[in-house]
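Please take a look at the model shown here. The report below walks through its sheets, hairpins and cores.

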Amino acid sequence: LALALSGAAAFGVWQFAPGADGGAASPITRVQPPDLSVKGTVAKQAQKRVAADSIEDPLPKGAVARLGTTSLRHGVGGTALRFTPDGKYLDSLGGGWLRRWDVDTGRTLINLGDGPRSNSKRQLVSPDGKVAYMVRQIESPKGTKWVCVIYDMENGKERQTYDLKLPDKEATSSVPIMISPDGKLFAGYGSDVLLWNTADGTVAHHIKPEIGEFTARAFAPDSKTILVGDDAHAIHVFDLAAGKEQRTFGVADVKGVGNMAISPDGKWLVTVHGKATPDILRLWDVAKGIEERSFELPKDCSKVESLFFTPDSRTLLATSWVKEPPRADRLNTDYRIQIVAWDVDAGPNGRLVVPDNMRGRYAAVNTDGTVLATMDGIGIIRLWDMKTGKERRPLEGSPTELADVRFNADGKTIYTIGGDKVFREWDALTGRLLKSLDTAPKGHWQRFVPGRSALVLAKLIGKRKVIEKKVIGFTNDQWSILDPMSGKVLLDLKDFTAVFVLPNGQRIGAYDDDGGLNIYELETAKLIQRVKMPVKDGLVVHGFTADGQSLILQNNDIVSVMDVQTGKEKSSWNLVRNKIIEAPAKKSKKQDGPKGPPGSKFEAVALSPDGAKIAFAVLHWQPKDTSFIRISVLDPATGKLLDQIDDEYSNFDKLTFSPDGKLLAAPCGDWTARVWEVGGDKAKWRFEGHLGGITALAFSPDSKRLATTSTDSTALVWDLAK
């Protein structure tokens with residue numbers, strides 16, 4: 001819900017009363033990104049059929065503008081990058097998607113898969129770059145089976161489909177993770193080694209370890225052997241024609257092989273153990289079966305993510321996790337990714353390839369060794385010059401996820417804040433970036449001030465709260481209201497548990513540990529009033545009425561309205577008695593959550609800008625896993641039910657009224673935004689098109705458009721007028 005007065009505010013959560021930004025239902029418009037969800041769609045063809053943004057990237061149906069770009073944006077869940085042999089194209093894979101990019105332009109040429117909505121568990125591209133394989137998990141009456149669909153990477157069209165065969169129930173490998181250099185075999189990941197024929201999915205070999213388990217594998221460049229590392233750091237060389245072990249080499253009394261890579265010329269094998277502690281990379285002479293030399297990882301390195309050689313086999317590269325310097329505003333240790341390169345013939349010391357601030361978890365080098373491609377956890381792909389370490393194509397838009405969004409008061413521009421703490425101003429009609437300002441203090445968490453579009457509320461975590469040597473939270477939170485255009489701080493608030501903004505954005509309410517509501521005038525930063533609040537466990541403040549004279553509170557099942565001047569309760573009512581939420585049902589030891597007896601729980605709460613309506617979104621579940629969302633709109637003063645909307649369940653924790661109070665919107669867990677019409681019975685719109693989860697949304701001042709931000713680094717503007 002929101003912040004309880006009795007406890008410290010959770011990081012990244014704050015509560016406010018929405019401001020100016022903030023009949024029968026029409027049929028649902030299910031909006032999908034046409035070039036990203038349709039199998040094998042070619043971008044140039046898609047651009048002829050759908051609207052495009054300012055740089056000609058196709059827009060999802062229902063969207064009128066994109067802030068940012070889909071250029072070199074794979075989407076959340078990427079796991080691998082591969083250059084084509086000619087170096088002209090780059091393939092990105094993972095998360096249910098497979099994309100082909102033009103390296104020179106950054107445009108996508110082929111898009112396969114449907115992201116998290118897809119049942120595709122593995123995406124692979126043949127070494128020659130001509131064929132793609134999408135392995136899907138299919139449920140049938142006989143159980144789960146794995147189906148491989150083959151696509152032509154020249155045009156994105158489907159070629160062939162077959163079932164992957166399994167040798168027996170003891171096989172631990174079930175999904176292919178790599179292809180042999182000649183393109184004839186898949187290798188699966190598990191404690192054994194399962195090899196399939198790529199032509200028809202039949203089993204070529206099933207290799208089981210005699211002792212322990214296999215932990216890593218790599219095909220030899222000539223495709224005649226496969227090298228397999230085990231949990232004792234022994235490397236087994238298997239003949240692929242006979243499926244038998246030829247020889248074994250390794251090192252005794254060392255932790256198992258966690259990662260390995262073989263050089264393109266087949267001469268070298270590099271291994272590293274899989275524990276999350278600093279270690280060395282061991283370079284093996286494959287022909288001799290001896291350890292030739294070792295390479296030192298940086299002292300602050302905690303784990304190697306991937307290993308690979310340059311095409312000429314002379315340079316070894318590793319992406320590794322590195323601890324960030326300690327920061328006062330974080331409970332847990334933060335990490336970044338660095339890429340280190342070693343000259344195979346030189347000493348043990350490596351060099352950093354790209355700047356320290358890059359977070360490319362997955363990487364690949366093109367055929368001539370001049371370009372390094374990296375991809376981070378949210379799917380942003382970057383191209384670097386291998387010699388200079390400079391970025392070849394500077395990022396367009398935000399280099400990280402967008403955290404919040406707000407329309408300007410005139411509706412002509414849109415403001416966003418990214419995970420990089422940068423304030424950006426965009427043209428609301430074209431999506432063109434107008435300004436990019438890095439004015440906020442680092443280490444601050446930021447959100448927009450409702451009612452004052454261009455002001456930002458920044459939160460700096462205070463001192464760490466430690467009990468029994470464990471950090472369990474923070475105390476003495478500090479808040480700042482700042483103008484991102486100039487970087488000027490208008491108001492500093494220290495040692496408050498929560499901060500609230502009055503509806504007109506002119507005054508700020510801050511709560512202290514003694515239960516006092518302190519109201520400040522924003523322009524003068526003067527304290528103009530302090531009201532003593534009741535101190536109760538679980539007390540939540542939803543916001544102010546439009547006149548700023550009353551505060552709407554909730555204590556468990558009781559909703560009340562308090563007079564700000566006197567601190568006295570004006571009215572109250574009960575959510576259970578009003579049948580908004582069900583009383584907790586008794587459960588047996590065998591029953592848990594939605595599988596138990598009927599029940600309900602809060603998902604989100606919203607207060608209309610005028611304070612005249614309060615909406616509760618509640619998950620209701622029934623036996624046999626049937627569940628639905630019910631949104632109840634009530635008069636906050638009396639508890640009178642004004643409207644009720646039932647819809648299929650999708651988890652969300654935010655609910656927002658439009659400025660005119662006629663619409664409700666929520667960012668849902670299935671990466672869609674739903675918009676309900678007050679007085680309707682189901683979602684009027686269901687917008688779909690982001691390549692990651694939706695982080696925030698905002699209505700335009702006239703309630704005719706909706707802007708959504710996402711972890712995919714972009715924002716989309718949707719048309720609500722049709």
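## Terms and source

Strands (E, at least two residues) and helices (H or I, at least four) are DSSP runs, numbered from the N terminus. Two strands pair if DSSP finds at least two bridges between them.

This is a predicted model, in which local features need pLDDT of at least 70, side-chain atom pairs count only at pLDDT 80 or more, and totals for chains, interfaces and linings use all residues. Residues are numbered from 1 along each chain as its sequence is written, and side-chain values use heavy atoms, with hydrogens and water left out.

## The chain as a whole

The protein chain has 59 strands and 2 helices. It has 722 residues, and 55% of them count as buried. Buried means under 20% relative accessible area, exposed means over 50%, and partly exposed lies in between (1.4 Å probe, protein chains only).

The protein chain exposes about 31100 Å². Carbon and sulfur atoms supply 49% of that area. Accessible areas come from the Shrake-Rupley method with a 1.4 Å probe; for residues, only the protein chains shown count as cover.

Strand 9 (residues 131-140) and strand 10 run antiparallel, joined by 10 bridges.

Ser 126 sits in the loop between strand 8 (120-125) and strand 9. Ser 126 is buried, with a relative accessible area of 8%. Its side chain reaches the backbone nitrogen of Lys 130 at 3.4 Å. A polar contact is a pair of N or O atoms within 3.5 Å; within protein, one must be able to donate a hydrogen and the other to accept it, and residues adjacent in sequence count only if both atoms are side-chain atoms.

Leaving aside neighbours within four places in sequence, Ser 126 is in contact (heavy atoms within 4.5 Å) with Val 131, Tyr 133 and Ile 179.

## Two open sheets

Strands of a sheet pair through backbone hydrogen bonds, either parallel or antiparallel. Axes are lines fitted to C-alpha atoms, for helices over the stretch in contact, and angles run from 0 to 180 degrees between N-to-C directions. Inside this sheet, strand 13 (residues 185-188) and strand 14 (residues 193-197) pair over 3 bridges. Phe 186 stands opposite Trp 196 in strand 14.

Another open sheet of 4 strands runs 31-32-33-34, again antiparallel. Strand 31 (402-407) and strand 34 (433-437) each have a single partner strand, so one side of each is left without a neighbour in the sheet. The twist averages 20 degrees from one strand to the next. Strand 31 pairs with strand 32 (residues 413-418) over 5 bridges. Asp 404 has Ile 417 as its bridge partner in strand 32.

## A further hairpin

Strand 39 (residues 478-483) and strand 40 (residues 488-494) run antiparallel, joined by 6 bridges. Leu 482 has Val 489 as its bridge partner in strand 40. The two strands form a hairpin with 4 residues between them. Gly 487 in the turn has a positive phi of about 80 degrees.

## Nonpolar cores

A nonpolar core is a set of buried Ala, Val, Leu, Ile, Met, Phe, Trp, Tyr and Cys residues joined through side-chain atoms within 4.5 Å. The largest one has 18 residues. Those with the most contacts inside it include Ala 615, Ile 631 and Trp 676. Strand 49 (599-607), strand 50 (614-621), strand 51 (627-634) and strand 54 (663-667) each give two or more residues to this core. The largest share, 4 residues, comes from strand 50.

Ala 615 touches residues including Ala 604, Ile 631, Phe 657 and Leu 664, not counting residues up to four places away in sequence. A second, separate core has 17 residues, among them Phe 295, Phe 309, Val 340 and Val 344.
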